[in-house]
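Subject: Structure handover and findings

Hello,

Here is the structure I promised to pass on. Please open it next to this email and follow along.

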Amino acid sequence: MLEALQIECQRGDQRLFQGLNFCLNAGELLFLQGNNGAGKTSLLRMLCGLSEPVSGEIRWRGENIRRMNERFRGELCYLGHQNAIKEDLTPLENLMVSTRLHDETLDEDAALKALVEVGLSGRAELACRYLSQGQKRRVALARFAQEKRPLWILDEPFVALDTQATRWLSQVIGAHVERGGLVVLTSHQAIDIPAGRIHPLFLG
Amino acid sequence: MFAFIAHVIRRDLSLALRRPADLVAPLCFFLIIATFFPFGIGPEPELLRRLAPGILWVGALLSTLLSLPRMFADDFADGTLEQMALAPYPLGLAAFGKAIAHWIVSGLPLALLSPILGLQFDLPPDALCVLFFSILIGTPALSGIGAIGAGLTLGLRGSGVLLSLVMLPLCIPALIFGSGAVDAVMTGISPRPYFFLLAAFSTGSIVFAPWAAAAALKISLE
């Protein structure tokens, strides 16, 4: 499903990696590891199509993602380093806005349920700027409680989360892989995801 | 597709309403510019009337410039712009929605304020009316062209100055046709040709500029 062929990545003058190949099929998880500055985030951004590899190509269902454009992005769900939430909006508004921007429909009850699931019950109507770092991360992750798109690309999803939220997220990712979804994630901690085939990939 | 644009507009408007100070600042700036000119020039109604269209139009242009750097900056800083680039629609549509939202919170209030400021210059009623419509029709061009400038200067240091250098020369047609319309009605000729030219310029800018802005944003995001 998701293939990387001879990917080369450069940052400034420095070559981070070259000749990187992998193939990820339905129901599999790619666990990307590497030291700081090894190019994990750069690789994830290439897989999303946000930046282009210096050479090589990335294919989704056998087709180059450059040519697929919107069709590829419609099957992708990306969580970056930044939470992409608005400090001025409440968690509920943030969740509704981000799902709508991704062309999905989520009614308010489902959104509230997702927020309860990530442990933000009672905080749904509070502006996000009053939330802690971990709670903001949970707002960003709430989208994944209902997310049905096949490919998830997660950049350090466990950062700032407490043990309870970490367990919840592991379960959500596990369930997604069980359903036949694909996940690419980076983490510096060991992950404990209950299902699916996990391919580790070490950069650098 | 239209639903997506509507979502972007609604989102930007609700964010703008949470920060009323950002909305009011450009309007105060416009008010100050328009108020200070009569002080500086002196109480000569004839001269003030002659200068009014140009002063008010330049004032509107500079006030628009004040709010432009924030068009993409906040979304870029918190990662929302990245998510918009990954939405299953072209980034140009998001930029188009953002330019429209920018016009609603900046161009529209400026147009509403302009007839009141025009009174300070002793403009006749028909000139006030033409002034209102010329700013109403002309400001979408400023939001559209401004989106290109804001996209190009995103994440740069001293982007405000660079933004004005990029954007202001491109806005000259709006300035000429806009103040020309007001001049025309005061000298007794029809402002219609000016309105048509201004509307054409505005429509062209607001439709095509967001795609150029999107190309600039993609470079900033890489």
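Below are the ground rules, then the findings, grouped by region.

**Ground rules**

This is a predicted model, in which local features need pLDDT of at least 70 and side-chain atom pairs count only at pLDDT 80 or more, while totals for chains, interfaces and linings use all residues. Residues are numbered from 1 along each chain as its sequence is written, chains are lettered from A and ligands numbered from 1 in the order in which they are written, and side-chain values use heavy atoms, with hydrogens and water left out.

Helices (H or I, at least four residues) and strands (E, at least two) are DSSP runs, numbered from the N terminus. Two strands pair if DSSP finds at least two bridges between them. Buried means under 20% relative accessible area, exposed means over 50%, and partly exposed is in between (1.4 Å probe, protein chains only).

**The open sheet in chain A**

Start with chain A. Four strands make an open sheet in the order S2-S1-S4-S5, with antiparallel pairing. Which strands are at the edges? They are S2 (14-24) and S5 (63-64), and each pairs on one side only.

Strand S1 (residues 2-11) of chain A joins S2(A) through seven antiparallel bridges. A:Gln10 stands opposite A:Arg15 in S2(A). The two strands S1(A) and S2(A) form a hairpin with two residues between them. A:Gly12 sits in that turn and has a positive phi of about 65°.

S1(A) also runs antiparallel to strand S4 (residues 55-60) of chain A, and five bridges join them. A:Leu5 has A:Glu57 as its bridge partner in S4(A). A:Glu3 stands opposite A:Arg59 in S4(A).

**Parallel pairs in chain A**

Now look at strand S3 (residues 28-34) of chain A. Six of its seven residues are buried. S3(A) pairs in the parallel sense with strand S9 (residues 197-203) of chain A, over seven bridges. S3(A) also runs parallel to strand S8 (residues 182-186) of chain A, with four bridges. A:Phe31 links to both. Its bridge partner in S9(A) is A:Pro200, and A:Phe31 stands opposite A:Leu185 in S8(A).

Strand S6 (residues 76-79) of chain A pairs with strand S7 (residues 151-155) of chain A. The sense is parallel, over four bridges. A:Leu79 has A:Leu154 as its bridge partner in S7(A). Which way do the S6(A) residues point? A:Leu76 and A:Tyr78 point one way, A:Cys77 and A:Leu79 the other way, and all are buried.

**Two loop residues**

A:Asn69 is not a glycine, yet has a positive phi of about 50°. A:Asn69 is found in the loop between helix H2 (65-68) and helix H3 (70-73) of chain A. Its relative accessibility is 40%, so A:Asn69 counts as partly exposed.

A:Ala84 is another residue other than glycine with a positive phi, near 55°. A:Ala84 lies in the loop between S6 and helix H4 (91-101) of chain A. Is A:Ala84 buried or exposed? A:Ala84 is buried, because its relative accessible area is 16%.

**The nonpolar cores**

A nonpolar core is a set of buried Ala, Val, Leu, Ile, Met, Phe, Trp, Tyr and Cys residues joined through side-chain atoms within 4.5 Å. The largest has 93 residues, and those with the most contacts inside it are A:Leu2, A:Ile153 and B:Phe72. Helix H7 (residues 125-152) of chain B gives the largest share of this core, ten residues. A second, separate core has 38 residues, including A:Phe158 and A:Trp168.

Contact means heavy atoms within 4.5 Å. Not counting residues up to four places away in sequence, A:Leu2 touches several residues, among them A:Phe22, A:Trp60, A:Leu151 and A:Val184.

**One residue in chain B**

B:Phe29 is found in helix H2 (residues 20-41) of chain B. B:Phe29 counts as partly exposed, because its relative accessibility is 30%. Leaving aside neighbours within four places in sequence, B:Phe29 is in contact with B:Leu62, B:Ser63 and B:Leu66. B:Phe29 and B:Leu163 are 134 residues apart in sequence and 18 Å apart in space, C-alpha to C-alpha.

Best wishes
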